[in-house]
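Visitor: I have this model open and would like to talk through it with you. Could we start with the place where the chains meet?

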Amino acid sequence: MNETIMKTLGVTLGVCLLCSLFVSFTAVSLRDQQNTNKLNDKRIKILEAANIYDKSMSVEDQFKNLEIRFLDFDTGETYREYKDFDINKYDQLQSLRFPDQSKPVPADKDIAIIKNRENIGKIYFSIKDDEIDKLILPIRGYGLWGTLYGYIAIENDFNTVVGIEFYEHKETPGLGGEVDNPNWKNIWVGKEIYQSGDVKLQVIKGAVDQNMSDAKYMVDGLSGATLTSRGVSNMIEYWFSDSGYLKLLENFDYES
Amino acid sequence: MSLKQYKEVLVNPLIKENPITLQILGICSALAVTSNLNVTLIMCIALTSVVSLSNLFISIIRNYIPSSVRIIVQMTIIATLVILVDELLKAYDYETSKKLSVFVGLIITNCIVMGRAEAFAMKEKPFLSFLDGLGNGIGYSLILIGVAFIRELFGAGTLFGIPIFGDWYPTNNLLLLPPSSFIIIGLFIWLIRGYNNDQIEEDEFDLSKHSVAPNLDKRELNV
């Protein structure tokens, strides 16, 4: 007799229990490996954003060549050491959980819809001959389905884009997911962010007319992904504004 | 159970009863993951292991599954296996798992898995069901690898990401986009049915024979 209520309940419960045991066991036992992969992937994105990733070398070695610093968003000062934070382990996204390490973004300024901004950021320099060559800055903002997390790298004029990469997003594959498309990312190379102190760089709707005088401040929109394009545009505007990296870029003077 | 029967269960789904070209199942992933052979291969391994193991487990408990909840019990087992595969991929082949993105998760909804569970594993013994799953998985893989081979070679001019044709070959965007798989699968079906006439379905209705149309020109003149 398979059709009694007790049997039905029993079998379903048994199957569910067994299956959930399997799933949780694998999830827990593979977590470390998966986190290592994620970290590695993030590092590759950082290097790729700055266009200095070399596939033939180990990521860890290449990453050692970068200089990592803490950034105080409120003052624009950078530090090699800050309190008792470990620069290699510090994760600014974790600090969003603590009210003493982050601040809510006022609604009228929160164009990227990030809600909270950390007090202390983590930024990366690629150094050449004791001079800053490139600056790699983390950015994030809301697209259509969730927050996009990425990095944007700029030249040492603090204005020209070297590259942009996203390491985590939930956008629709084929539409908003095209933020990962190398062709689209290539459009960003050489674009300029500021025009007389204001953030001018934006993602527009449709394709950019290369003959326009403002073409260097515009990036083609992703077709079929207006909200994602707008999200990326807002992200740039927020993170290069006064509450983002503007203070850093205005005052920064690198001393090795 | 004779050896011949085992062999039949394993070999039949390869060409004769291929899940894609005869039953037209699992087309969605055949379109989505066939632009690059690396990715396709991982997807094929993932699907084959899911379909054969789900067949095995469902067959083991087939006599205890109440028929009122059988679909959901099958789904639970299939979903568990798919999550396992997904977790393993994330741990050991992160690069490919990122490229496959949602399509590993979508194995749950792949009709082949569900179809084999419902049509075969619910009735047959575990080992036989396992072989049936394996056969169907390999049948699916054969077609996918064929499609991916054509798409990658003539689309991007590479195989497994390694350039074959060199710089003179312009990439063929039509082949790199998913709709080209429809055309290629269609050609495969044509080939297989041309060779294996049993697969040709009867027409659903008969067309009437051509008849000579009345001479319209003259009638129009009379108006």
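Guide: The area buried between chain B and chain A is about 1,900 Å², and carbon and sulfur atoms give 67% of that area. Please keep in mind throughout that this is a predicted model.

Visitor: How many residues does the contact take from each chain?

Guide: Chain B brings 24 residues to the contact, while chain A brings 22 residues.

Visitor: And how many salt bridges does the rule find across the interface of chain B and chain A?

Guide: The rule finds 1 salt bridge across that interface, and in it K98(B) is paired with D41(A), with the closest N and O atoms 2.8 Å apart. Besides this, 5 residue pairs are found in polar contact across the interface of chain B and chain A, counting pairs with both residues at pLDDT 80 or more.

Visitor: Which elements give two or more residues to the side of chain B that touches chain A?

Guide: Those elements are α4 (70-92) and α5 (94-100) of chain B, and α4(B) gives the most, with 12 residues. By type, the residues on the side of chain B that touches chain A divide into 15 nonpolar, 6 polar and 3 charged.

Visitor: Switching to pockets, what volume does the second largest pocket have?

Guide: The second largest pocket has a volume of about 370 Å³, and its lining is made up of 24 residues, with K42(A), Y90(A), D91(A), K122(A) and Y124(A) lying nearest its centre.

Visitor: Where does the largest share of that lining come from?

Guide: The largest share, 4 residues, comes from α1(A); at least two residues of the lining are supplied by each of α1 (5-49), β5 (120-128), β6 (131-142) and β7 (147-155) of chain A.

Visitor: And how does the lining of the second largest pocket divide by residue type?

Guide: The lining of the second largest pocket holds 14 nonpolar, 3 polar and 7 charged residues.

Note on methods. Residues numbered from 1 in each chain as written. Chains lettered and ligands numbered in written order. Predicted model: local features only at pLDDT ≥ 70, side-chain atom pairs only at ≥ 80, totals over all residues. Heavy atoms only, no water. 1 Å grid on protein atoms, 1.4 Å probe; cavity = no way out; pocket = protein on both sides within 12 Å on 5 of 7 lines; lining within 4 Å. Points joined across faces, edges and corners; volume = space filled by probe spheres on them. Nonpolar A, V, L, I, M, F, W, Y, C, P; charged D, E, K, R; others polar. Contact = heavy atoms within 4.5 Å. Buried area = accessible area lost by both parts, 1.4 Å probe. Salt bridge = Lys/Arg side-chain N within 4 Å of Asp/Glu carboxyl O. Polar contact = N/O pair within 3.5 Å; in protein donor to acceptor, adjacent residues only side chain to side chain.
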